[in-house]
Every structure is written in C-alpha cells, then in structure tokens.
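Subject: Structure for you to look at

Hello,

Please find the structure below. My notes on what was found follow it.

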Amino acid sequence: MTSEYKIKVLNMGSVTVDKGGMTRGTDCGTELRIPQQAVAIEGNNLKIICDTGVHSVDWVNANVSTVKDCVLKDDESLEGALKHIGWKPEEVDYVINTHLHYDHCGGNYIFKGYKTKFVIQKKEWDFAFNPTPNQEQYYMTDLFNHKAVFPDQILLIDGEIELEDGIVLIPTPGHTKGHQSVLINTEEGVVCFAADASNIYENIDKDIIGNILYDTYSGFKSMEDIRRKAEFIICGHEPRTEKYQTNNFMRIHV
Amino acid sequence: MVEYQIKMLKMGTLYGEKSSLTMGIDFGVPIPIPMWSAAIEGNGHKIVVDTGIKSLEWTKENLGDQYEVEQESDETMEAALEHIGWKPEEVDIVINTHLHYDHCGSNYLFKNAKFYLQSSEWDYAFQPVKNQECFYYEELFGWQAVRYTSWKMLSGEYQILPGLRVIPLGGHSVGGQGVFVNTKEGIVCLAMDAVGLYENLENNILPNIMTNVEDGFKAFDIIRNNSDFVIPGHDTCINKYQSSNFPVVNK
C-alpha cells in the first residue's frame with residue numbers, strides 16, 4: 001500500500017499585489033492581499049518542508065516592485081512556523097523548493113549543516129543564476145547557494161521523480177523554467193502543492209495562467225498535468241487556504 | 001531462479017470481425033474475441049496483468065454498437081479473483097500492458113497495489129491517434145480510478161521482481177509492454193495485444209489496431225528472442241483458468 005502523509009499549511013507572511021499579477025489579463029488594477037504559503041508534510045518516518053518563505057520583510061519591501069506592505073507575524077517566519085508545529089529544523093529530511101524565487105527559498109538557510117536535503121529541479125537551479133530580465137528581481141542567489149546551505153545538501157533532479165513512497169515531484173514549468181509541484185498521498189487522496197504553477201485557485205479553476213512568466217505554452221500544460229495527477233490543490237498564494245489547514249483542500253475537479 | 005504460477009482470467013467476450021486482429025486478411029469474418037487478464041503468484045506476491053473491462057454495462061454504454069459484449073458470471077474481475085481464492089486488496093502489483101479500456105477497466109478495484117506502466121503509454125493515453133481515441137477513457141486509469149502516487153512509471157525494460165520483467169512492445173499502442181515471467185516450463189511472455197491472436201506471431205501478421213508497423217514487427221522479434229511461450233490478448237486458444245501448456249513461440 002502506498003504510504004499516506006499528513007499535511008499542514010504554513011503561512012510565510014502576506015503581501016499586497018495587483019490581482020492582474022496573479023491572473024494574467026484578469027482584474028488588472030484591483031488590489032489583492034495574499035498569503036505566501038509553504039507546506040509541512042509528515043509521515044512514513046519523514047518530515048518534509050515545501051518552500052521556505054521570505055528571509056527579510058525589509059528586503060522584500062525595498063526590492064520587489066510587484067508587491068507591497070509585506071508583513072510577517074511571529075509564526076510566519078519559517079523558524080516561527082516550525083516552532084508553532086513543534087518541529088526542529090534538524091529533524092527535517094527534505095526541503096523541496098518548488099522554485100527559487102525569493103519568497104519560496106528565503107528560509108533555506110535555517111537547515112544549514114543538518115541532514116536536510118534540498119530537492120530542486122536542475123533547470124530551475126540553472127535559470128536562477130541566469131534568469132530572463134523580467135525575473136531578475138525575484139532571484140537572490142545567496143538565499144539558496146553555498147552561502148545559505150552546504151553544497152552537499154543540494155540534490156538537483158531532472159524531471160519527474162518518486163522522492164519517497166507516496167511523494168512524487170512533477171515538473172510544472174511556465175511561471176519559471178524549472179518550477180516543480182509536489183504530489184502527496186493523503187488519507188483523502190492525492191494533494192498537489194502547486195505553488196506558483198497556480199498562484200491562486202482561480203488559475204487552475206478557470207485555466208488562467210499567472211502574470212510572472214517564463215513560458216506560456218508550458219504554463220497551460222503544467223496546469224493540465226496537475227489536473228490529471230491530483231484531486232486536491234494547495235496553491236502558492238490562495239487567500240482562502242487557511243494557516244495550519246490540514247485537510248479539506250480545494251478540489252480540482254468540480 | 002524464482003518461478004511463478006500463472007492463471008488466466010477471462011474478462012468476457014467481444015463479438016467482432018477478424019481483420020481487426022489480422023491486418024489485411026479475413027475481412028468481414030465474424031469471430032469471438034475473448035478478453036484476457038492474468039493472475040500471477042510467486043515469491044510472496046500476488047500480481048495481476050491487465051484488468052479487463054469495468055463492467056458489462058459500462059462497455060455497452062461507451063462502445064455502443066461497435067461490438068457485442070458478453071460476460072459470464074465468473075468473468076468480472078471480482079468474480080474471477082474469488083474463483084481462484086484472491087481478494088482484490090491482497091494484490092500488491094498490477095501491470096497494465098497498455099491503457100485500452102479492455103486492459104485497465106477494473107484498475108479501480110486494487111486499492112493496495114502499485115501499478116506498473118510505461119510512462120510513454122500514460123502520455124499517449126491522453127493524446128492518442130484519432131482512430132484510437134475510442135479506446136482510451138481517463139476515468140478508467142486517471143485520478144478517478146488510481147491515485148497517481150500508486151503508479152510506477154517506467155521508461156523501458158524493467159525487472160519488477162527476480163524472474164519477472166517487462167519489456168516495451170510497441171506497435172499496437174505507443175507505450176505497450178509485455179510481461180516476461182519465469183515459470184516451471186520456461187519463460188512465458190504475456191504479450192497481450194502485441195499478439196492479439198497466436199496466428200499474428202506464428203504467421204508474422206500484424207494486429208490491425210496499430211500505431212506503427214515497424215514497432216509491431218520489432219515486438220514480434222523481442223518476443224521470439226526472449227520467451228518460450230506466448231499468451232495472446234484475445235485468442236480463443238487460451239482457456240479460462242489455464243495455468244500451463246501455453247502456446248509455443250516458434251523461433
């Protein structure tokens with residue numbers, strides 16, 4: 001029988017964005033307050049974190065042109081969130097970075113020197129050091145390179161892999177060149193942590209891609225692949241997904 | 001070498017026209033087309049190769065008048081397993097040779113199994129060539145039936161267990177595979193639709209449902225080079241619950 005896991009959603013602060021930045025060509029000029037979400041997965045004697053939030057509110061507010069008013073509550077840094085759910089950084093077996101934008105790898109450094117392996121698509125790693133001009137402001141290499149963690153902690157992968165029994169990583173490019181999503185087998189069915197392959201639920205529900213883009217064609221294809229492989233979705237920035245939510249995630253097929 | 005026991009499970013019969021199984025010959029000749037699955041036991045495992053149709057009703061509803069379908073009382077997957085003393089939840093491995101509706105229809109029954117498939121067949125199943133669209137139904141193999149995390153997606157030849165491996169057999173579909181099993185009598189190839197009828201292999205005549213002819217002949221060669229016996233997917237030369245004396249592969 002395939003191993004089943006428990007999931008907890010972690011909030012990594014919130015920001016204000018233009019809705020058109022989340023949904024390409026839709027509701028442009030409307031402000032939207034969104035969370036930045038990460039996921040903690042436990043089961044099969046493993047502790048896994050997907051994405052690690054931001055490293056500094058001040059840096060975000062000063063440097064990222066498409067967001068404003070970044071705020072982190074006490075339990076919304078990765079360290080604070082782990083404390084809240086009773087995990088120690090040294091217990092975490094894997095960190096899966098869906099991609100390497102600043103708001104998805106800002107807490108990688110707290111695992112430096114521990115057993116933790118960072119699982120990243122090779123294409124994303126390469127893209128992060130040499131992004132297209134429209135994405136330069138979202139990549140800060142010191143958040144994920146040898147200054148953040150030891151090089152031997154980094155596990156670069158190429159394509160779909162079964163990371164552990166019941167945990168499958170699938171490439172979902174479009175938002176970035178090497179974005180990946182995480183399929184997690186749970187009691188209720190397969191949950192996909194899609195991160196920014198579907199910023200909010202509306203993306204996958206109405207088939208609208210996000211506005212921060214590497215490739216349009218693969219963006220649509222990635223959402224199609226998620227529909228084929230999962231029953232539930234956790235997005236990267238969906239306001240309706242609750243902090244510490246553990247079940248009843250949004251259904252993809254309705 | 002570990003040896004396995006094979007038992008053939010009959011999943012009903014379609015009534016069709018012979019040239020659909022033999023390219024270019026016997027047009028218009030009516031024949032019964034039994035649908036075969038196999039139960040394989042050994043090495044502490046219970047394995048099912050192909051899972052037949054979902055049900056008689058489903059098949060009638062979705063195939064319309066393309067074929068007439070019949071199923072005897074012990075020819076549903078559940079009843080056939082019960083007949084040999086198995087419960088679906090005891091099956092730990094399911095191998096789909098390909099994803100046509102008559103080979104994965106009862107996948108949904110096996111809640112505790114890992115499912116082995118060529119990843120090229122998965123991709124193809126969502127975008128088949130036009131004349132095969134009527135054979136693929138996402139509801140039979142997609143999230144509705146099998147959790148994606150229970151699939152083992154393969155890229156090429158793979159040893160699932162000692163004495164039991166799969167080898168890609170293309171032609172009939174893009175990502176087809178055959179199962180090569182070590183038994184007391186020798187290596188048996190569950191070729192299924194790469195060799196719909198024994199006469200395909202024996203007379204070097206391709207099945208007529210075919211994506212690529214070269215791949216189809218290549219599959220025949222792979223079977224000849226790697227097995228002593230062959231199990232065709234739709235031949236009346238196989239008997240219900242047959243467990244030995246399978247058709248011989250002539251080199």
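With 254 residues, chain A would have a radius of gyration near 18 Å if it were a compact globule; the value for chain A is 16 Å, which agrees. Please keep in mind that this is a predicted model. Along the principal axes, the C-alpha atoms of chain A fill a box of roughly 45 × 40 × 35 Å.

Chain A contains seven helices and 13 strands. Of its 254 residues, 50% are buried. If you take the contacts in chain A between residues at least 6 apart in sequence, 68% of them join residues at least 24 apart.

On confidence, the model has an ipTM of 0.92 and a pTM of 0.94. For chain B, the mean pLDDT is 97, and 100% of the residues reach 70 or more. Where pLDDT is low, predicted coordinates should not be read in detail.

Next, the contact between the chains. Chain A brings twelve residues to the contact and chain B brings eight. Three elements of chain A each supply at least two residues of the side that touches chain B: strand E10 (180–186), strand E11 (189–195) and helix H7 (216–229). Sorted by class, that side of chain A has five nonpolar, four polar and three charged residues.

One helix of chain A is worth a look in the viewer. Which residues of helix H3 (residues 78–85) of chain A are buried? They are Leu78(A), Ala81(A) and Leu82(A). These residues lie on the same side of H3(A), because they cover an arc of only 100° around the axis. An α-helix has 3.6 residues a turn, so residues three or four places apart point the same way. Just after H3(A) comes Gly86(A), with a positive phi of about 80°.

Last, a residue in chain B. Gly24(B) sits in the loop between strand E1 (5–17) and strand E2 (30–42) of chain B. Is Gly24(B) buried or exposed? Gly24(B) is exposed, because there are 9 other C-beta atoms within 10 Å, and a residue counts as exposed at 12 or fewer. Gly24(B) and Leu206(B) are 182 residues apart along the chain, and their C-alpha atoms are separated by 8.8 Å.

Regards

Definitions and conventions:
Residues are numbered from 1 along each chain as its sequence is written. Chains are lettered from A and ligands numbered from 1 in the order in which they are written. This is a predicted model: local features need pLDDT of at least 70, side-chain atom pairs count only at pLDDT 80 or more; totals for chains, interfaces and linings use all residues. Helices (H or I, at least four residues) and strands (E, at least two) are DSSP runs, numbered from the N terminus. The radius of gyration is taken over C-alpha atoms; the globule rule is 2.2 Å times the number of residues to the power 0.38. A residue is buried if 20 or more other C-beta atoms lie within 10 Å of its own, exposed if 12 or fewer, and partly exposed in between; C-beta atoms are placed from the backbone. Two residues are in contact if their C-beta atoms, placed from the backbone, lie within 7 Å. pLDDT is the predictor's confidence in each residue, from 0 to 100. Ala, Val, Leu, Ile, Met, Phe, Trp, Tyr, Cys and Pro count as nonpolar, Asp, Glu, Lys and Arg as charged, and the others, Gly among them, as polar. The arc is that of the directions from the helix axis to the C-beta atoms.
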